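Dear colleague,

Please read them alongside the coordinates.

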Amino acid sequence: MADQREKETTPSAFTPGEWEALRTNFGEKTAWAVRAGLSRYGKRWGLHGLRFIPYYSVNVLFAGRSVEYGDVVLKLGRPCREMFTECRALREYNGRRFCRLYESEPEHGALLLERLQPGTPLRAVEAPQERWKIFCRVYTGLHILAADNTRYPTYSEWVEKAAHTMRRLAVFPALSLAMERAQALCRQLWERYPDRLLLHGDLHHDNILHCADGRYRVIDPKGVIGPTLFDLPRFLRNEPYAAFPHPEEHLWAAVDFLAGRTGYPPADVARSFYVDTVMGLCWSVEDGAPAGEYPAMEETVHLAASLLAMYEIQDS
């Protein structure tokens, strides 16, 4: 009987197992809000054949077809500032190396996006140097001037806010100290590089997708203002360095490669990696990461600090 009730309440966009997984990962309230959104936007934007994409992150994603636009992705989530800045960034890029934004109601947590086909993520490229080459081709010339910088946060504001939060939480002293160092390094880099362009803000392997025409295009921008240097470390953080016997050597090689292709000093690429790594860990603590994860976080900070020390020795 329970299985029958589940079958009857499962929207057609899900298999029964997927619907239950959504409810488990996002909670009942979000699941039923998503169900209502499927009905609302399916009708409003002329969508059909919607199928859940089993990717459990911040938002809930569906692939489908639009009468007007063809292959699309429907993104449903909680209205937040990031959804507004994503919309603005996609409108400003207007399909230039990015997916297109077709329709949006960010105030209700709904975006209709171009679906990139086949959409194979850069992560699928196994050879490290080939991955790095592709990333650098995507990165080079990517960034533009925003129409109005005040409509976006700055990368510096992200860092300052994370540092303030860690001082207030006072639950992880070692990470708080690391964040103070990251804050100081960010201030140095912010002064050293005066360019203030529209950054992706989360430019990593799973947000760079291979398309049928052979090009790689970009999805899911955060929309943040800063020097283009700060769109490098998120890629480095997502490199599979932990799979190597000596992770620091893999990262060192990646930093040298990216520095050589982008023109930034390797030491500054390493500094940006330290800043972004520590900030990301602070966000995890702020989101409620259990204390049992703190030792692994300290190891990550130590790795970033070791990488930084290598280049500081070279600079001295």
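K75 is buried, with a relative accessibility of 4% (buried means under 20% relative accessible area, exposed over 50%, and partly exposed in between, with a 1.4 Å probe and protein chains only). This is a predicted model, in which local features need pLDDT of at least 70 and side-chain atom pairs count only at pLDDT 80 or more, while totals for chains, interfaces and linings use all residues. Residues are numbered from 1 along each chain as its sequence is written, and side-chain values use heavy atoms, with hydrogens and water left out.

K75 forms a salt bridge with D220, with the closest N and O atoms 2.8 Å apart (a salt bridge is a side-chain nitrogen of Lys or Arg within 4 Å of a carboxyl oxygen of Asp or Glu). Because K75 sits in strand β3 (residues 70–76) and D220 in the loop between β9 (216–218) and β10 (224–226), the pair ties together parts that are 145 residues apart in sequence; strands are DSSP runs of E, at least two residues, and are numbered from the N terminus. D220 is partly exposed, at 24% relative accessibility.

The structure holds 17 salt bridges, among them one between D206 and R123, whose closest N and O atoms are 3.1 Å apart. D206 is partly exposed at 26%, and R123 is partly exposed at 35%.

As for cysteines, the count comes to 0 disulfides, a disulfide being a pair of cysteine sulfur atoms within 2.5 Å. The sulfur of C186 is 13 Å from the closest cysteine sulfur, in C282, which is too far for a bond.

Best regards

Methods: Helix = DSSP H or I, 4+ residues; strand = E, 2+ residues; numbered from the N terminus.
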